[in-house]
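Let's take a friendly walk through one part of this fold, going strand by strand and then on to a helix.

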Amino acid sequence: MLMGTYQHNIDLKGRVIMPAKFREELGGIFYITRGLDNCLSVLSKSDWDSLGEKLRGLPSSQTKDIQRFLFSGAAELEPDKQGRVLIPQPLRDYAGLTKDVVIIGTGLKAEIWDLDRWNEYNNKVTEDNMFDLMSSLGI
């Protein structure tokens with residue numbers, strides 16, 4: 001399970017270090033795509049394949065927008081010896097990644113956020129909001 005929060009910097013070439021614990025969980029090759037809330041989602045090969053299978057099993061008339069959103073800008077990532085991955089420029093632009101980033105675990109996937117966007121998002125989330133949401137879901 002991917003969990004935790006890690007702060008890193010993107011270098012001038014667009015590379016960022018993926019946390020070692022995440023690399024172990026994600027495997028040697030993993031996938032990155034646009035996520036919700038202007039962050040990037042990182043999935044293991046098996047979860048990426050599973051997502052593709054689920055979408056292929058549904059009518060394309062219902063999933064075409066999801067497929068376009070997820071797959072058109074996606075990339076396969078393989079960390080180098082220092083644990084860095086190159087995030088393609090269009091994905092960096094989408095998420096507004098410039099220098100300081102936060103990599104978080106959300107269970108089955110990781111997310112990469114611009115530090116300022118992450119802080120802004122966290123300022124909106126309150127304990128009361130989470131309590132209400134968790135109660136409505138029976139958690």
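## Ground rules

Two strands count as paired if DSSP finds at least two bridges between them. Strands (E, at least two residues) and helices (H or I, at least four) are DSSP runs, numbered from the N terminus.

This is a predicted model, where local features need pLDDT of at least 70, side-chain atom pairs count only at pLDDT 80 or more, and totals for chains, interfaces and linings use all residues. Residues are numbered from 1 along each chain as its sequence is written, and side-chain values use heavy atoms, with hydrogens and water left out.

## Strand 3 and its partners

Strand 3 (residues 30-34) has antiparallel neighbours: five bridges tie it to strand 4 (residues 40-44), and three join it to strand 5 (residues 75-77).

Five residues lie between strands 3 and 4 in their hairpin, where Asp 37 adopts a positive phi near 65 degrees. Four of the five residues of strand 3 are buried, so the strand is largely enclosed by the rest of the structure. Here, buried means under 20% relative accessible area and exposed over 50%, with partly exposed in between (1.4 Å probe, protein chains only).

Trp 48, Gly 52 and Leu 55 are buried in helix 2. Viewed down the helix axis, the buried residues fall within an arc of 65 degrees, so they line one face; the arc is that of the directions from the axis to the C-beta atoms. On the other side, Ser 46, Glu 53 and Lys 54 are exposed.

The buried residues of helix 2 pack against strand 3, strand 4 and helix 3 (60-71), with contact meaning heavy atoms within 4.5 Å.
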